[in-house]
Amino acid sequence: MRFREQPEDLGPLEPAARRHLHTRLAMDLESPLGPRFPLQVEFDYREDDPLVVRLTFPVPGDHPVTWAVSRELLLDGLTAPSGTGDVQVRPAPGGLVELHLHSTVGSALLLATATALHAALLGTGQLVPFGAEVSEERLHRGLERLLRSPAGEG
């Protein structure tokens, strides 16, 4: 696991440096036919998008696929079934965590060790403490933008 930072000397007109966490998680893709296929999944977390973890899955012979998953959903899924939509996470026997992904194309069941996922999530907490994802300042700025924006404009 490693932390990356952008150079701090960006000049006065550039936004403040943003940090992010990038690591790899060993996961197994469980096949409906029985065998498991090992994958190295990219785990990315950005300080400027604190609610989301991006998981990028390799696809043999094609471009990788990235899913944006709630950090809280992953954390909750370490100890109890979590999620009701496209992403569901729950503990599994043997110190594993099941990650179920559902789309219009199909579904996938991935398995990771709870200790590896927990360690990666703890790393995100070093960037943005749990419970501090949305600061009062950020909430006020978002509300101001929403109220200033005429209907139909982004």
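Here come the ground rules, then two exercises.

This is a predicted model, where local features need pLDDT of at least 70, side-chain atom pairs count only at pLDDT 80 or more, and totals for chains, interfaces and linings use all residues. Residues are numbered from 1 along each chain as its sequence is written, and side-chain values use heavy atoms, with hydrogens and water left out.

**Exercise 1.** Find the volume of the largest pocket and describe its lining.

*Step 1.* On a 1 Å grid over the protein atoms alone, a pocket is an open set of points with protein on both sides within 12 Å along at least five of seven lines, and lining residues have an atom within 4 Å of a point. Volume is the space filled by probe spheres set on the points, with grid points joined across faces, edges and corners. That gives about 380 Å³ for the largest pocket.

*Step 2.* Its lining has 16 residues, and Leu29, Phe57, Val59, Val65 and Ala108 are the closest to the centre.

*Step 3.* Sort the lining by class: 12 nonpolar, 4 polar and no charged residues. (Ala, Val, Leu, Ile, Met, Phe, Trp, Tyr, Cys and Pro count as nonpolar, Asp, Glu, Lys and Arg as charged, and the others, Gly among them, as polar.)

**Exercise 2.** Track down the largest cavity and list what lines it.

*Step 1.* In a cavity, a 1.4 Å probe fits but cannot get out. The structure has 1 cavity of 30 Å³ or more, and the largest cavity holds about 40 Å³.

*Step 2.* Its lining is Met27, Leu74, Val89, Val97, Leu99, Ala112 and Leu117, which sort as 7 nonpolar, no polar and no charged.
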